[in-house]
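Here is a friendly walk through one model, with a look at a pocket and at a pair of helices. Please have the structure open as you read.

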Amino acid sequence: MKAHLPALTPVRLLGLLFASAATIGTLAAHAADQATPRPEPVPFVAPRNSDMPAGPEGELIDYGRRLMVETRRLLPNNVGAAMNCTSCHLGEAKVPFASPFVGISHRFPQYNPRANRVVTLEDRVNGCMMRSMNGKPLDKRSREMAAMIAYMDWLSEDVPEHGLVQGMGIGKVDTTLVPDMENGRRIYAAQCASCHGAEGQGLQDAAGEFIFPPLWGDLSFNIGAGMARLYKAAEFVKTSMPVGVHTDGRLGQGYVLSDQEAVDVAGYFTHQPRPDFPAKVNDWPDPSKRPKDARY
């Protein structure tokens, strides 16, 4: 069983050094990566929690899993939104096309167009903390960061080094489609409001804990989050929402709406009021890499 403390592994240490290289080296590495033939993705297989190792290593991995599921409760000083990591990475990040973590450790460091540099997996975690969680970054040397990385490493353990897995990401929609906001409002009322609230406020239990996250308002993800982008949100909606509508798939999720309907409803909720992200001024320093559905 390999070690899961990211700062101590030679591969991750090399990644940290690589990510801090000069811009010219970063772009050269990106160009070389783009020229490398893409391996075939392997079948999606997520390990069972009962297969976690015993002892301190397993405890660290399971702490990482809990941090993903109970992010808001366990990290109140870092999370500003009523969100958990598993609000977007469904089913403990083990669900195909629901932004799973299976294989993710092998895909980092990787080039990030929004930052126009190579980023580490730790950088990516903190990007989510600041954007999707509308909060503050974790100390990269903290036990919490080590635990999250350990969980991702464990989920990636049986995946080849290329990290490509069938079902990774969130699927695709036709990005030439233009949203019909009024139809999106109707679809939201019919398909989304029962879980996310008529005003996008989310759904809480009797104790005030959020069962389903808010899709807009002060407690939702901020404008810098990937989910605030029209087509990204539409992809997630198409493949993963709503849940519990099928008898197959881990959560019986998705594939209820057409591409056009997913774009319509995503257009509706992504353009509702949400927190700002002041650091957005640093995004896409190369304007040619700015996606057309960016909100700013």
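On a 1 Å grid over the protein atoms alone, a pocket is an open set of points where a 1.4 Å probe fits, with protein on both sides within 12 Å along at least five of seven lines, and lining residues have an atom within 4 Å of a point. A volume is the space filled by probe spheres set on the points, which are joined across faces, edges and corners.

This is a predicted model, where local features need pLDDT of at least 70, side-chain atom pairs count only at pLDDT 80 or more, and totals for chains, interfaces and linings use all residues. Residues are numbered from 1 along each chain as its sequence is written, and side-chain values use heavy atoms, without hydrogens and water.

The second largest pocket holds about 760 Å³ of space. Its lining has 35 residues, and T86, S87, I211, F212 and P213 lie nearest the centre. Helix α8 gives the largest share of that lining, 5 residues.

Now for the helix pair: α3 and α7 pack at about 100 degrees, with axes (lines fitted to C-alpha atoms over the stretch in contact) 7 Å apart. That makes α3 roughly perpendicular to α7 (65 to 115 degrees). Among the residues making this contact (heavy atoms within 4.5 Å) are Y63 of α3 and W154 of α7.

Definitions and conventions:
Axes are lines fitted to C-alpha atoms, for helices over the stretch in contact, and angles run from 0 to 180 degrees between N-to-C directions. Helices (H or I, at least four residues) and strands (E, at least two) are DSSP runs, numbered from the N terminus. Angles under 35 degrees count as roughly parallel, over 145 as roughly antiparallel, 65 to 115 as roughly perpendicular and the rest as oblique.
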